[in-house]
Amino acid sequence: MRWGMLIDKVRCVQCYACQVSCKQAYFLPPGIFFNRVITGETGRFPMVRKHTYPLLCNHCKDAPCVDVCPTNASYKREDGIVLIDHDKCVGCKYCIMACPYQQRTSVEYSEQYPGQGYNDYEKFGMEYHPYQEGTAVKCNFCRERLDEGLEQGLVPGEDRAATPVCVNACPAKARTFGDLDDADSKVARLIREKNAQQLRPEFNTDPSVYYVID
Amino acid sequence: MHVKPWEWMVKPTPQEEWIEGKGLLSWLSFFSVALGAGMYFVATLVNYPWAMVAGYIVCLVIGGGTKVIDLGQPKRAWRMLLNYDGEGGLLDAMLLLFKSPKRFFKMFLNSGWRTSWISRGMYFIGLFAIFGLVHIILAFVANPAATSGIAALTSVTGIFAIIMAIVSVLVTVYAGLLIGYVRAIPLWGSALMPVFFIVSGFVGGAALALAGRINNAVTSAVIVQWLQVLVLVYVGVVVVYLWNAWNQSGTSKYSVRQMMKAGGLLSIVFYVGVVILGILLPVSIVIVSMVSAAATAPLLAVAIAGVIIGDLSMRFLIMKCGVYTPLITTSPY
């Protein structure tokens with residue numbers, strides 16, 4: 001079993017719902033994102049083309065962030081999800097440097113409105129979902145939802161309660177989640193049918209996130 | 001060299017964790033560790049105990065200390081050496097030696113050293129600290145007559161000298177391997193990175209060792225010979241490294257261009273720090289010292305200062321100009 005995701009760039013409307021819903025669900029401090037949307041342009045007027053890439057941790061099969069971790073805080077589960085044990089993380093930031101997709105961040109709490117103290121939302125988040133300052137954080141494919149859903153007999157990618165928040169939030173249904181190793185799963189089928197590709201395969205990390213480019 | 005938020009990973013994006021704000025300590029740490037170990041190595045070869053002490057302090061106190069301070073959770077630094085899965089801290093981990101010796105030794109075997117250069121570096125520095133302390137004590141108390149010639153190699157001091165020479169090389173080179181492993185930054189992911197670190201560590205170390213013996217004709221002559229070779233090798237390595245980066249990929253070429261682009265702070269550091277003070281000045285003095293046998297102490301002092309400033313500047317530029325390849329696949333980089 002290897003959890004993975006397909007992002008259909010053709011369907012993506014750049015609404016940032018994935019980025020916002022993830023930030024909200026995990027009470028992420030200012031400046032920290034597990035999901036991002038980047039936009040670039042190529043060409044010259046009038047032949048300009050816009051390229052949008054929703055980004056998240058790719059949970060690479062050959063993850064450099066796991067190799068470089070000096071404390072074994074970064075590790076890969078059997079189902080392919082790359083996780084961080086925050087009680088072991090020493091905050092050396094080597095994993096942040098090593099990630100070619102730059103999907104890891106070091107936690108530093110700061111006020112959303114400097115000088116005015118933390119607002120109620122931030123205070124609730126720091127209590128309900130605290131982060132250890134100085135440690136690395138990143139997307140974990142909503143593994144709490146995944147694990148709880150599997151215990152209840154739900155199917156991640158099909159049952160919303162067991163599916164990552166960003167997948168549920170997408171209004172254009174641009175994201176599909178499932179088991180890449182199951183040839184009959186929706187995500188595996190779509191990857192084949194739409195000829196989806198990994199982002200920057202020359203990085204040689206074998207990501208678990210695929211993109212439909214055209 | 002900041003990117004605007006909408007340009008993040010759309011254009012070459014500089015790394016900031018190891019050079020901005022508190023990250024400056026990482027730059028100082030990598031420099032000090034290599035410089036200190038290089039100085040220790042040269043001092044060992046010329047049997048100069050006080051320079052060994054200075055190298056030891058620079059490497060461990062300044063180099064090691066700045067790195068520990070830079071960590072997000074410095075109290076957990078011991079975890080880079082031990083893979084402890086239980087609850088509790090270092091004391092509980094150490095008590096396993098008595099409770100479960102097999103599990104205790106497995107903590108070392110299963111630690112991050114298997115794949116992480118930071119963990120390996122911590123082990124090298126640990127060996128440097130332990131063996132270096134013993135070696136320094138022996139170097140001060142040993143009879144000089146007994147530690148010269150072939151007999152020196154078989155004496156206890158001589159054996160520790162050999163061990164420390166090897167460990168010093170490992171400590172000098174590990175940061176280069178650590179940075180060179182980061183393929184995500186094309187400027188860094190080069191086989192020349194460890195070569196640069198080891199050569200620059202020895203050049204800086206030799207320069208500092210010379211600074212202490214500048215008025216000692218015998219020792220300074222030996223160190224000057226070392227410097228003459230090392231400075232020229234260093235210049236060659238820097239030139240080849242930059243040439244390789246220029247031709248390796250669009251992103252690494254962008255990095256080199258940022259160093260050389262006139263008008264910015266980085267170009268001042270490059271042309272004044274690296275080119276003039278770090279290369280032209282020491283090379284000129286080396287040539288003078290080769291042509292005329294007398295290299296006066298003031299000239300040597302200037303060369304030493306130039307080498308140190310040049311090395312510091314080059315490492316600063318490597319950290320500052322390290323950029324990530326944009327993720328937009330149609331990017332020209």
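What percentage of the 333 residues of chain B count as buried? The share is 48%, where buried means 20 or more other C-beta atoms within 10 Å of a residue's own, exposed means 12 or fewer, partly exposed lies in between, and C-beta atoms are placed from the backbone.

## Basis of the model

This is a predicted model, in which local features need pLDDT of at least 70, side-chain atom pairs count only at pLDDT 80 or more, and totals for chains, interfaces and linings use all residues. Residues are numbered from 1 along each chain as its sequence is written, while chains are lettered from A and ligands numbered from 1 in the order in which they are written.

## Chain B overall

Chain B contains twelve helices and two strands; helices (H or I, at least four residues) and strands (E, at least two) are DSSP runs, numbered from the N terminus. In sequence order the pattern is β-α-α-α-α-α-α-α-α-α-α-α-α-β.

The C-alpha trace of chain B spans about 70 × 70 × 30 Å along its principal axes. Among contacts in chain B with a separation of 6 or more, 72% join residues 24 or more positions apart. Two residues are in contact if their C-beta atoms, placed from the backbone, lie within 7 Å.

## Nonpolar core

The largest nonpolar core has 153 residues. Such a core is a set of buried Ala, Val, Leu, Ile, Met, Phe, Trp, Tyr and Cys residues joined through C-beta atoms within 7 Å. Met39(B), Ala206(B) and Ala209(B) have the most contacts inside this core, and helix α8 (residues 192-212) of chain B supplies its largest share, twelve residues.

Apart from neighbours within four places in sequence, Ala206(B) is in contact with Val42(B), Ile223(B), Trp226(B), Leu227(B) and Leu230(B).

## Contact between the chains

Chain B contributes 30 residues to the contact and chain A contributes 32. On the chain B side there are 14 nonpolar, 13 polar and three charged residues. Here Ala, Val, Leu, Ile, Met, Phe, Trp, Tyr, Cys and Pro count as nonpolar, Asp, Glu, Lys and Arg as charged, and the others, Gly among them, as polar.

## Sheet and hairpin in chain A

Chain A has an open sheet of four strands in the order β8-β1-β10-β9, with mixed pairing. Strands β8 (175-179) and β9 (197-198) of chain A are at the edges with a single partner strand each, so one side of each has no neighbour in the sheet. Two strands pair if DSSP finds at least two bridges between them. Strand β1 (residues 3-8) of chain A runs antiparallel to β8(A), with five bridges; one pairs Gly4(A) with Gly178(A).

Strands β2 (residues 36-42) and β3 (residues 49-55) of chain A are antiparallel and joined by seven bridges. They form a hairpin with six residues between them, and Gly43(A) in the turn has a positive phi of about 90°. Gly40(A) is opposite His51(A), and Glu41(A) is opposite Lys50(A).

## Surroundings of Ser74(A)

Ser74(A) belongs to strand β4 (residues 74-76) of chain A. Ser74(A) is buried, with 27 other C-beta atoms within 10 Å. Not counting residues up to four places away in sequence, Ser74(A) touches Cys65(A), Val66(A), Cys69(A), Val82(A), Ile84(A) and Cys95(A). Cys95(A) is 21 residues from Ser74(A) along the chain, and their C-alpha atoms are separated by 8.2 Å.
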